[in-house]
Amino acid sequence: MSSKEQAEAERRVRQRLVEPLQRLGLARPTGVTAAQFEAMIDDLCGRLSYMSEMNLDALAEQAAARPGGRDGNRFPIAAKLLTWAAEIQPPADSASPLMRAVFASAIGRAAMAEDWAPELLSFLRKNRCWPKEYDLRGIRERAVEARQRLQKQDEQAARGFIVADTEREFRARREAALDRCKRIVEAVASND
């Protein structure tokens, strides 16, 4: 996204989310200075710039129904808005700084080299947190199971058996996830 497109997208977030909530009279969160609130709004506009107008409107409606503060008269904090936004319209893989950082790290390099990147991507999309050692063990175990499943499909096909549609769909989903991982790695490499 060019800087002009980014600025336009951020303006759209301000117009479709921030301004409607402010028109409702929602005040800045308690304990947040005016400068901190404006910085929060600027950051929020940047982070939500990927969202469509329809989904921004849905987020605004949800935020209006669940305002922050004890009396329900405060602008929701950014963390809450970002969580709701991810439920309404998850960001694309390339839009997630967490995914880019993980795939740029030693973890991501190992995942690509050892063929467990699709399972790592699935974990990141679901949990939105940096994987711990315990998580990595589970991710690797799921990758082993996935590779065994694919190997079984190959063996069945080699013996002349018809591979079930569900199994072909599984293979296609895993290959598509691997392609997404490769695009993330390429995007990270192009930014270096």
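So, a pocket here, on a 1 Å grid over the protein atoms alone, is an open set of points where a 1.4 Å probe fits, with protein on both sides within 12 Å along at least five of seven lines, and its lining residues have an atom within 4 Å of a point. Points are joined across faces, edges and corners, and volume is the space filled by probe spheres set on them.

Quick housekeeping: this is a predicted model, where local features need pLDDT of at least 70 and side-chain atom pairs count only at pLDDT 80 or more, while totals for chains, interfaces and linings use all residues. Residues are numbered from 1 along each chain as its sequence is written, and side-chain values use heavy atoms, with hydrogens and water left out.

Okay, the second largest pocket: about 270 Å³ of space. It has 14 lining residues, and the closest to its centre are Pro 118, Glu 119, Ser 122, Phe 170 and Arg 174. Helices α7 (117–127), α8 (133–158) and α9 (165–191) each give at least two residues to that lining; helices are DSSP runs of H or I, at least four residues, numbered from the N terminus. By class, the lining has five nonpolar, one polar and eight charged residues. Nonpolar means Ala, Val, Leu, Ile, Met, Phe, Trp, Tyr, Cys and Pro; charged means Asp, Glu, Lys and Arg; the others, Gly among them, are polar.

Now, how do α7 and α9 pack? Their axes are 8 Å apart, at an angle of about 80 degrees. Axes are lines fitted to C-alpha atoms over the stretch in contact, with angles from 0 to 180 degrees between N-to-C directions.

Over to helix α3 (residues 53–65). It packs on helix α4 (residues 78–88) at about 135 degrees, axes 10 Å apart, so α3 is oblique to α4. Trp 84 of α4 is one of the contact residues, as is Asn 55 of α3. The classes there are seven nonpolar, two polar and one charged.

Last pair: helix α1 (residues 3–23) and α3 have axes that come within 9 Å and cross at roughly 20 degrees, so they are roughly parallel. Contacts include Arg 12 and Arg 16 of α1, and Glu 53 and Asp 57 of α3.

Conventions:
Angles under 35 degrees count as roughly parallel, over 145 as roughly antiparallel, 65 to 115 as roughly perpendicular and the rest as oblique. Contact means heavy atoms within 4.5 Å.
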